[in-house]
Amino acid sequence: MPEQENTEDPRRKLVVVGNGMAGARAVEEIIARGKGKLFNVTMIGDEPHGNYNRIMLSHVLSGEATLESEDFFLNPMSWYREHGVRLYAGDRAVKIDRFAKTVTCESEREIPYDVLVIATGSNTYFPNMDGLREADGRLGRNVFGFRTIKDTTGMIDLATSRDHTTAVVVGGGLLGLEAAYGLKTQGLDVTVVHSPGHLMNQQLDERGGRILRARIESLGIEVRTSARTTAVVRDERGEVVGVQFHDGETIPADMVVVAAGIRPNTELARSAGLVVERGIVVDDQLRCEDEGSIYAIGECCQHRGETFGLVAPVWEQATVLADHLTGADPKAAYHGSRLTTKLKVAGVDVAAMGVKGPERPDDEFVQFYEPKSGTYKSVVVRDGKLIGAMLLGDVSKVGFLSQAFDDKVPLPEERISMLFDMGTPSQATGAAELADDAQVCNCNGVSKGQIVACVEAGATSLSEVVAKTRAGKGCGSCKGLVADIVACAAGGALTADPAADYYVPCIPLTKAQLIAEVKARGLRAVSQVFAELAPNGGDATAKMALASLLRVVWGPDWVDERGALFINDRVHANIQKDGTFSVVPQMKGGVTTPDQLRKIADVADKYNVPMVKVTGGQRIDLLGIKKEDLPKVWGDLGMPSGYAYGKSFRTVKTCVGRDFCRYGLDDSTGLGIKIEERFQGLETPAKLKLAVAGCPGTARRRCARTSASSRSATAGGRSTSAERQGRTSARATSSPPSTPPRRC
C-alpha cells in the first residue's frame with residue numbers, strides 16, 4: 001500500500017534501509033549539520049528496536065551488561081521522535097523500484113524516496129553443515145548466530161532456563177571467542193572449534209594466537225584448532241546432541257553457536273539490479289554504480305574492491321556521506337581506511353594494525369614474546385615506515401604506534417623502544433602528543449579532537465566526556481587513553497565526578513543520602529521523590545530504581561504508583577516481542593496438583609493460548625496472552641504469580657529428595673518450598689533463582705550453574721544491606737550442613 005505523501009512538505013524524501021550502526025550514524029551526521037530542514041527522513045529496520053551498539057552484545061551475553069544498560073541503546077525510540085525521524089521498526093524492505101523510486105516492505109508498505117541509502121549490514125555466514133538447518137531452510141533448534149539481540153537473548157534463555165550444559169562455538173575469531181566467554185560465564189562447558197591453525201588468524205600471527213589460546217583455555221574454555229566442523233548431530237527428537245568433525249570424531253553439545261565470519265547483506269540491492277560483487281559497489285561518494293540517487297554505506301558496501309567489517313570505517317563513511325548529501329563539503333570523498341584494531345577479547349586486550357609479519361627479506365621485524373605473562377608485541381618496519389604492529393596483553397604503546405602507522409611521528413632508531421617506554425613517549429605523554437584527528441574510540445568513532453573540544457566546552461570529568469562523546473562506551477579498552485586525554489585537556493588531574501556515586505543520575509545524592517532524605521521527608525512515592533529531590537525534574541529511567549528503593553525503605557507502606565513500574569511489574573506478566581504476555585502461576589518448589597493442572601489447561605483452552613511451556617524453574621508458562629485478557633486469566637487461574645517477570649527472587653528448583661529418591665539425603669522439596677515461601681518476591685538487582693539438591697550427584701551437576709546464576713543476580717546493580725542479608729540467608733538455608741553440596 002503506497003504511503004500517504006505530505007504534498008505540503010518541501011523537503012526531499014530521504015529513505016534509509018537499515019537501522020543499525022551505519023544507517024543511524026549517517027542520519028545522526030546529517031541532522032548534526034542542520035539538514036533535518038533539507039530532508040524528510042524515514043528509516044526501515046528489521047529489528048523491533050532502536051539503534052543499539054552491537055559491540056555490547058558480548059557484554060550482555062556474559063552478564064556484564066543488560067539490554068537496559070545506559071550504554072546499550074545508541075538511539076532509543078524517543079530519539080527518533082525528538083529529531084523528526086520516522087522509523088518503521090520490525091519491518092523488512094523487500095523490494096526497490098528504481099524507476100518509480102519506491103521501497104516496498106514486508107508489510108506491503110510502499111515508501112517513496114528522492115534519495116535512498118542502503119545500510120543493510122551483514123549476515124552471519126553459516127557453512128554448509130549437515131543438521132544445521134530445517135527442511136524449510138531455517139536454522140535448526142538450538143543453533144545460533146551472534147549478530148542480533150534475538151541471537152543473544154536466545155542463547156541466554158537456553159543457557160539459563162533449561163537443563164543445557166554444553167555448547168560448541170564454531171569459529172575462533174573475535175565474535176566466536178566473545179560468544180564462548182559469555183556462555184562460559186552462564187555456566188556452560190564450552191568448546192571453541194576453529195578451522196585455521198591458530199585463533200584470530202585474521203588479526204594475529206601464530207605466536208599471538210598461541211598466547212591468546214593459553215589465556216582462553218585458562219578461563220576453562222576448551223579450544224580445538226585445525227578442526228573443521230562438518231555436521232550438527234541431532235537425536236530422533238531433533239535435539240542437538242553434538243557436532244562432528246571432518247575426521248569423523250564427534251563431541252557432545254546441546255547448543256551450537258556459529259561465528260565463522262560474516263557476509264555483506266546484498267540481497268535487496270542485487271534484486272534491484274544494482275552492481276554487486278562481494279558487496280554493493282560504490283564510488284568515493286558512496287554512490288552506487290549507474291545510479292545517481294542511491295547510496296550504500298557500512299558492511300554491505302564494497303569500495304575500491306574492499307569490504308569492511310569494523311566500526312571505524314563505517315564512521316568515516318557516514319561523515320563523507322553526510323557532507324556530500326547536505327552539501328557541507330562538496331569535495332567530500334572516501335578514500336578507504338587504514339585499519340587499526342583495538343579491542344578486548346574475553347577480557348584480553350588486543351591491538352593490531354597493518355601486516356602481521358615481514359613480507360620481504362629487508363623488512364625489519366621486532367618481537368617480544370613472553371608466554372608466562374601472556375604478553376606478545378611485534379612491529380614490522382619497511383623503508384623507515386611502520387607497516388604493521390601487534391600487541392597482546394600489554395597495549396600501552398598503541399597510541400604511539402597508531403600515530404607512527406599513520407606517518408604522524410618519526411620512528412626511533414632503536415626499534416625495540418617502540419614496544420616499551422625507552423625513549424618513546426609514555427602512555428600519558430603519548431595521549432598529549434596524539435594528533436587531533438587520531439581516532440581514540442574505534443567502537444564509536446571518536447577522535448582526540450572531539451574529546452578535547454568537549455573538555456573545552458566545559459566538561460572536565462571522565463563520565464561527563466564519555467556521556468557526551470560516547471568514547472569508551474563500546475568494548476571499553478580505550479577508557480584509559482580517554483582519561484589521559486581528558487586530564488591533559490583539563491590541565492591536570494581529572495575533576496572528581498560526584499555523579500558517579502549518585503543512586504540515580506537525576507538526583508544529586510548517594511544511596512545512603514537518598515535513603516536518609518526519603519525517611520526524613522516521609523517520601524513514599526516516586527513522584528514525591530522527583531518533586532522534592534530532583535532539581536531538573538524526573539527521569540523515566542530512574543523510576544524502577546526508585547520504586548525498588550522505596551519498597552525496601554517503607555515495606556508495605558510505600559505508595560505504589562502504576563506509572564513508576566515497568567510494564568511487566570504493572571501487569572504481573574512478561575511482555576513478549578509481539579506485544580502479547582507470558583503468565584507463570586506459582587508452583588512452590590515445582591510441586592503441583594491435579595486441580596492446578598486442570599485450571600491451567602482450562603485457561604489455555606478458554607483464551608486460545610498458543611503455547612504452554614515448562615520453564616527451567618519447573619513452572620508452567622502460558623505464552624501469547626493478550627493484555628486485555630490478563631486480569632481474567634489470573635482470576636480464572638486462582639493462583640498467585642510465580643514472580644517470573646521482575647528483578648526479584650523468583651523460584652526454587654528442587655529434585656525429589658529423600659521421600660522418593662533412593663539416593664536422597666534430605667527433604668530437598670520441602671526445603672525448596674520453605675525458601676520460596678520465605679523469600680518470594682524479594683527485590684534483587686537482577687532476577688535470582690535458586691535450586692536445592694537432595695543428593696550428591698545432582699549437586700555436582702548443578703553447582704556450577706547455580707553459582708553462575710548467583711553471580712548474574714548480583715551483577716545487575718547495587719543492593720541494599722537488607723537485600724544482601726536476604727540473599728545470604730537464602731544461600732545458607734539452601735545447603736543443609738548434612739549434605740555434600742557445601743563443598744561447591
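Biologist: How many residues are in the largest nonpolar core?
Modeller: That core has 57 residues, and M43, I96, V103, L116 and I118 have the most contacts inside it. A nonpolar core here is a set of buried Ala, Val, Leu, Ile, Met, Phe, Trp, Tyr and Cys residues joined through side-chain atoms within 4.5 Å. Buried means under 20% relative accessible area, exposed over 50%, and partly exposed in between, with a 1.4 Å probe and protein chains only.

Biologist: Which helix gives the most to this core?
Modeller: Helix α8, residues 311-326, with 8 residues. Helices are DSSP runs of H or I with at least four residues, strands are E runs of at least two, and both are numbered from the N terminus.

Biologist: Before I go on, what should I know about the model and the numbering?
Modeller: It's a predicted model, so local features need pLDDT of at least 70 and side-chain atom pairs count only at pLDDT 80 or more, while totals for chains, interfaces and linings use all residues. Residues are numbered from 1 along each chain as its sequence is written, and side-chain values use heavy atoms, with hydrogens and water left out.

Biologist: Back to I96, what does I96 touch?
Modeller: Not counting residues up to four places away in sequence, I96 touches T102, V103, Y113, L116, I118, L268, A272 and I294. Contact means heavy atoms within 4.5 Å. Apart from the core of 57 residues lies another core, of 42 residues, with I216, I221, V223 and L343 among them.

Biologist: New topic: how do α15 and α16 pack?
Modeller: Helix α15 (526-533) and helix α16 (543-554) pack at about 110 degrees, with their axes 9 Å apart. The axes are lines fitted to C-alpha atoms over the stretch in contact, and angles run from 0 to 180 degrees between N-to-C directions. So α15 and α16 are roughly perpendicular; that label covers 65 to 115 degrees, with under 35 roughly parallel, over 145 roughly antiparallel and the rest oblique.

Biologist: Which residues make the contact?
Modeller: V526, V529 and F530 come from α15, while K543, L546, A547 and L550 come from α16. They divide into 6 nonpolar, no polar and 1 charged. In that count Ala, Val, Leu, Ile, Met, Phe, Trp, Tyr, Cys and Pro are nonpolar, Asp, Glu, Lys and Arg are charged, and the others, Gly among them, are polar.

Biologist: And E561, where is that one?
Modeller: E561 sits in the loop between α16 and α17 (567-571), and at 23% relative accessibility E561 is partly exposed. E561 and A525 are 36 residues apart in sequence but 6.9 Å apart in space, C-alpha to C-alpha. Leaving aside neighbours within four places, E561 contacts A525, V526 and S527.

Biologist: Now cysteines. How many disulfides does the structure hold?
Modeller: It holds 0 disulfides, a disulfide being a pair of cysteine sulfur atoms within 2.5 Å. For C300, the nearest cysteine sulfur is that of C301, 5.7 Å away, which is too far for a bond.

Biologist: Is C300 buried or exposed?
Modeller: C300 is buried, with a relative accessible area of 0%, and C301 is buried at 0% too.

Biologist: Last one: what is phi at E108?
Modeller: Positive, about 75 degrees, although E108 is not a glycine. E108 lies in the loop between β7 (102-105) and β8 (110-112) and is exposed at 58% relative accessibility.
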